[in-house]
Amino acid sequence: MKKLFAFFLIISFLTGCNMMGQGEVKPLYIGSNKVEDQTKADEAKQIVLSMDEVTAVRGATFDEDIYVAVKVKQFDRFFLDEIRKEAYDKIKKRYPDAKVHVSTDKKVLLELEKLEIQINNNKIKRKEFEKQWKRIEDFMKG
């Protein structure tokens with residue numbers, strides 16, 4: 001009986017620790033007074049964050065391209081294709097003329113986070129922005 005109690009105690013502890021690591025991260029809304037207008041990306045982030053499966057979102061806009069990277073709940077990682085398609089459809093519905101790219105790759109999420117911070121802090125010039133955009137574009141292609 002003691003072994004059974006200890007087993008359930010350990011399972012409860014591990015489950016609790018796993019749930020604590022899935023906290024939501026607030027998106028960074030940048031606005032329009034930066035090196036490149038980010039209002040489309042800001043709205044795309046709001047749209048994607050309204051999905052139950054999404055815990056964090058990063059994104060940026062350049063010309064007519066909108067790049068969004070999402071982090072999903074652990075269980076929902078089994079449905080990444082459906083989540084990407086749903087996010088794409090929602091953003092495309094809002095911006096039908098834009099080229100929308102949605103990724104669930106962690107590398108893209110981290111690169112977009114770096115870019116967002118640089119844009120928000122005005123620590124990036126147009127030429128460097130374009131260079132980083134090309135790099136992120138390469139990551140998104142695979």
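**Aromatic pairs and the overall fold**

Author: The structure holds six aromatic pairs. In one of them, the rings of Phe-62 and Trp-133 have centres 5.7 Å apart and planes at 50°, so this pair is tilted. The model is a predicted one.

Reader: Are Phe-62 and Trp-133 buried or exposed?

Author: The cut-off for a buried residue is under 20% relative accessible area. Phe-62 has 11%, and Trp-133 has 3%. Because each value falls under the cut-off, Phe-62 counts as buried and Trp-133 likewise counts as buried.

Reader: Which residues form one aromatic cluster with Phe-62 and Trp-133?

Author: The cluster contains Phe-62 and Trp-133.

Reader: What pattern does the protein chain follow when read along the sequence?

Author: The protein chain has five helices and three strands. Of its 142 residues, 37% count as buried. Read along the sequence, the pattern is α-α-β-β-α-β-α-α.

Reader: What percentage of the contacts between residues at least 6 apart in sequence join residues at least 24 apart?

Author: The count takes in contacts in the protein chain between residues at least 6 apart in sequence. Among these, the share that joins residues at least 24 apart is 59%.

Reader: In which sense do β2 and β3 pair, and over how many bridges?

Author: The partners are β2 (65-72) and strand β3 (residues 99-103). Ile-66 stands opposite Val-100 in β3. The sense of the pairing is parallel, over five bridges.

Reader: Which elements are included in what covers the buried residues of α2?

Author: Helix α2 (residues 39-49) has as its buried residues Ala-41, Asp-42, Ala-44, Lys-45, Ile-47 and Val-48. In an α-helix with 3.6 residues a turn, residues three or four places apart point the same way. What covers the buried residues of α2 includes β1, β2, α3 (80-94) and α4 (106-120).

**Polar residues and loops**

Reader: With which residue does the side chain of Glu-116 make a polar contact of 3.0 Å?

Author: Glu-116 lies in helix α4 and is buried, with a relative accessible area of 0%. Leaving aside neighbours within four places in sequence, Glu-116 is in contact with Leu-28, Ile-30, Lys-45, Arg-58 and Gly-59. The polar contact of 3.0 Å joins the side chain of Glu-116 to that of Arg-58.

Reader: What is the relative accessibility of Gln-38?

Author: Gln-38 is placed in the loop between α1 (2-20) and α2. Its contacts, neighbours within four places in sequence left aside, include Ile-30, Gly-59, Ile-119 and Phe-129. Gln-38 counts as buried, at a relative accessibility of 0%.

Reader: Over the face of which residue does Arg-94 lie?

Author: Arg-94 is at 4.9 Å from the ring centre concerned. The ring is that of Tyr-95.

Reader: What is the phi of Asn-122, and is this residue buried or exposed?

Author: Most residues other than glycine have a negative phi. Asn-122, in the loop between α4 and α5, has a positive phi near 55°. Asp-63, in the loop between β1 and β2, also has a positive phi, of about 55°, although not a glycine. At a relative accessible area of 52%, Asn-122 is exposed.

Reader: What distance separates the C-alpha atoms of Arg-77 and Glu-53?

Author: Arg-77 lies in the loop between β2 and α3 and counts as partly exposed, at 39% relative accessibility. Its contacts, leaving aside neighbours within four places in sequence, are Val-72 and Thr-104. Arg-77 and Glu-53 are 24 residues apart along the chain, and their C-alpha atoms are separated by 8.9 Å.

Definitions and conventions: Residues numbered from 1 in each chain as written. Predicted model: local features only at pLDDT ≥ 70, side-chain atom pairs only at ≥ 80, totals over all residues. Heavy atoms only, no water. Phe/Tyr/Trp six-rings, centres within 6.5 Å; stacked < 30°, edge-to-face > 60°. Buried < 20%, exposed > 50% of the residue type's maximum accessible area, 1.4 Å probe, protein only. Lys NZ or Arg CZ within 6 Å of the ring centre and 35° of its normal. Helix = DSSP H or I, 4+ residues; strand = E, 2+ residues; numbered from the N terminus. Contact = heavy atoms within 4.5 Å. Pairing = 2+ DSSP bridges. Polar contact = N/O pair within 3.5 Å; in protein donor to acceptor, adjacent residues only side chain to side chain.
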